[in-house]
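Subject: Structure for your review

Dear colleague,

Please find below the structure that I am handing over to you.

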Amino acid sequence: MESAGQVDPRRRRWSWAVGALIAVLLATAATSRNSPKIPLFGITNKLCPCSGSRKYTGIVEDCCCEYETVDALNKEVLHPILQELVTTPFFRYFRVKLWCDCPFWPDDGMCVLRDCSVCECPESEFPEPFKKPFHGLSADDLTCQEGKPQATVDRTLDNKVFRGWIEVDNPWTYDDETDNAEMTYVNLQLNPERYTGYAGPSARRIWEAIYAENCPKDPSGEFCQEKRVLYKLISGLHSSISIHIASDYLLDEANNLWGENLGLLYDRVLRHPERVRNLYFTFLFVLRAVTKAADYLEQAEYNTGNMEEDLKTQSLVRQLVYNPQLQIACPLPFDEAKLWQGESGPELKQQIQQQFRNISALMDCVGCEKCRLWGKLQVLGLGTALKILFSVDNDNLTNQQLQLHRNEVIALANLLNRLSESVKFVHEKGPYVERIMEKRISSYASKSS
């Protein structure tokens with residue numbers, strides 16, 4: 001028998017061990033509740049003072065990835081790669097037909113800023129089919145660049161640029177990508193997507209017509225899944241365009257002062273949560289298309305005649321499509337296999353494809369030249385994503401089941417970069433802007449009452 005004042009040393013050690021284990025478990029549980037979902041990308045599990053305050057959490061609707069995961073992947077992996085990729089010679093030049101007749105109505109759009117216009121690459125810059133190496137800059141060439149040497153076009157391409165690429169048309173879009181007539185080359189780096197002053201009835205009519213191209217809702221008042229996907233893609237693209245306008249806005253025309261218009265950001269996007277959710281959806285949808293076409297994109301020839309830049313481009317493409325962190329954290333951003341099921345699947349697919357072609361045709365009705373440029377590019381990028389996801393049934397796209405035009409690949413990469421920028425901007429600026437604007441609204445309401 002043990003005396004009341006004595007404890008067996010073995011029992012004392014056992015009690016201490018049990019207590020320590022419980023303390024560790026409690027600490028681990030507390031940490032897991034407040035830590036990032038994915039301990040990747042060098043992110044530390046430090047507690048954030050604003051943890052739990054996220055507005056968008058959990059799985060992105062109709063996708064296979066969480067908001068927290070998307071933000072972490074985008075910030076640490078995707079955004080840095082894409083930002084570098086779109087500046088390479090291969091991805092910075094886009095071929096586009098800028099002067100087009102609107103097939104639906106006479107355009108009466110007015111552009112109030114010089115930033116509406118697009119600086120086209122001079123014809124002399126691109127011999128058949130591209131230019132010879134550049135050895136000097138003529139005075140005539142500076143006219144398009146407003147006399148700024150830093151705005152001159154990179155002139156290191158030659159006629160090897162199209163080697164390995166075929167001319168194919170995209171069944172999802174209105175423009176014939178195989179038609180070289182009236183096409184011009186534009187350096188996207190010299191023509192950023194930003195505020196142009198294009199607004200009013202003409203601009204509103206474009207978006208109203210685009211949304212009207214979605215089929216009417218069924219009697220229950222809901223879209224079927226396929227129609228919902230199309231609507232969300234359009235809404236997500238619309239949100240992204242609005243974000244770029246707000247993030248690069250002309251604050252003072254007299255002094256040519258550009259900056260962020262956070263009030264516009266809140267009004268057009270942040271105060272409509274569904275628009276933010278649709279932005280994330282569109283980002284994941286396009287990301288899925290890029291990862292599905294990984295083998296095809298990795299094996300393509302990014303040959304512009306500049307060996308150093310071409311090797312860099314190939315390396316960046318591989319980093320993007322075969323990124324191990326992306327494959328671990330979000331291996332299937334969107335599951336396209338869920339769509340077009342049942343007997344009506346093929347007919348529904350044809351119907352939605354025609355609707356998207358009509359939306360693509362509406363880009364010719366945009367009255368602002370620079371807006372038309374970016375509208376055409378991003379709609380082609382979205383059409384390319386649709387082509388990849390819904391024109392080929394399996395994931396092995398290397399045996400020529402899928403054929404992409406060079407312009408489609410350029411549009412796809414630039415669209416993914418635009419969406420990546422928008423997601424990053426909303427994630428970083430969104431909570432702050434919402435707090436500021438909601439305080440202003442609350443203050444105004446209290447004063448008026």
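The notes below concern the nonpolar core, a cavity and one histidine. Please bear in mind that the model is predicted.

Nonpolar core. The largest nonpolar core comprises 102 residues. Those with the most contacts inside this core are F91, F94, F285, L297 and L320. Helix α14, spanning residues 406–448, contributes the largest share of the core, with 13 residues. Leaving out residues up to four places away in sequence, L297 touches V290, Y302, V317, V321, L404 and V409.

Second largest cavity. Helices α10 (307–321) and α14 each supply at least two lining residues; the largest share, four residues, comes from α14. By residue class, the lining of the second largest cavity consists of 12 nonpolar residues, with no polar and no charged ones.

H79. This histidine belongs to helix α2, residues 67–85. Is H79 buried or exposed? Its relative accessible area is 14%, which is under the 20% limit, so H79 counts as buried. Apart from neighbours within four places in sequence, H79 is in contact with N74, S420, E421 and K424.

With kind regards

Conventions
Residues are numbered from 1 along each chain as its sequence is written. This is a predicted model: local features need pLDDT of at least 70, side-chain atom pairs count only at pLDDT 80 or more; totals for chains, interfaces and linings use all residues. Side-chain values use heavy atoms; hydrogens and water are left out. A nonpolar core is a set of buried Ala, Val, Leu, Ile, Met, Phe, Trp, Tyr and Cys residues joined through side-chain atoms within 4.5 Å. Buried means under 20% relative accessible area, exposed over 50%, partly exposed in between (1.4 Å probe, protein chains only). Contact means heavy atoms within 4.5 Å. Ala, Val, Leu, Ile, Met, Phe, Trp, Tyr, Cys and Pro count as nonpolar, Asp, Glu, Lys and Arg as charged, and the others, Gly among them, as polar.
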